[in-house]
Amino acid sequence: MSYSDSGNSDNAWRSDGAAHAYDPYLHPELFRGVATRRAFAFLIDMVVISVPVILGYIFIAVFGVVTLGIGWALFWLAWPASVVWAIVYYGACIGGPSSATIGMRVMDLELRTWYGAPGYFVLGATHAVLFWVTVSFLSPFVVLVGLFNGRRRLLHDFVLGTVVINNSVRVPAPQAARTW
């Protein structure tokens, strides 16, 4: 199994002969430091997700005091709302124009499909859900997979067909000429 862009079906991982858009052997700079930067991006994203959740819990606690305990019944909504918030956050960020969460933008990373297309909402939401499911059941294996492949892809990246690259080394698309 080779990731070279030779074009024949004997050397490509797909049966139709197509190769990945991001080859770690032709462009190693796209994957240099991705694993470390991805870990820091995850921590930043956890802070971004946690702040509104904590504020929501504080609001419910204060609302419960003001309503003499009746408002505390909203605590049963806090956990499902937190999960929905995290899924919407990942879906909206990865589905946005930068194909990256806030943490990934800070660390100059970008999520792409294996064939080079940008992320979209469903891919971002599924990426988050699959990450949490795989980490829950296969915690050390999910991270170890990323250490033994050239693209530094984690287990859920393989399942979804995504790759995280350094955004700073990509060649920007040329701007169209202005006609005014």
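Along the sequence, the pattern reads α-α-α-β-α-α-β. That is five helices and two strands, assigned as DSSP runs (H or I of at least four residues for helices, E of at least two for strands) and numbered from the N terminus.

A word on the source. This is a predicted model, where local features need pLDDT of at least 70 and side-chain atom pairs pLDDT 80 or more, while totals for chains, interfaces and linings use all residues. Residues are numbered from 1 along each chain, and side-chain values use heavy atoms, leaving out hydrogens and water.

Next, the annotation. An unreviewed UniProt entry marks residues 39-66, 73-100 and 120-148 as "transmembrane region"; such annotations may be inferred rather than shown by experiment. Residues 39-66 are 100% helix, with end C-alpha atoms 41 Å apart. Residues 120-148 are 93% helix, and there the ends lie 27 Å apart.

How do α2 and α4 cross? The axes of α2, residues 75-94, and α4, residues 121-147, come within 7 Å and cross at roughly 135 degrees. Axes are lines fitted to C-alpha atoms over the stretch in contact, with angles from 0 to 180 degrees between N-to-C directions.

Who touches whom? On α2, the residues include Ile 87, Tyr 90 and Ile 94; on α4, they include Phe 121, Ala 125 and Val 129. Contact means heavy atoms within 4.5 Å.

Last, the whole chain. Of its 180 residues, 36% count as buried, meaning under 20% relative accessible area with a 1.4 Å probe, protein chains only.

Note on methods. Buried means under 20% relative accessible area, exposed over 50%, partly exposed in between (1.4 Å probe, protein chains only).
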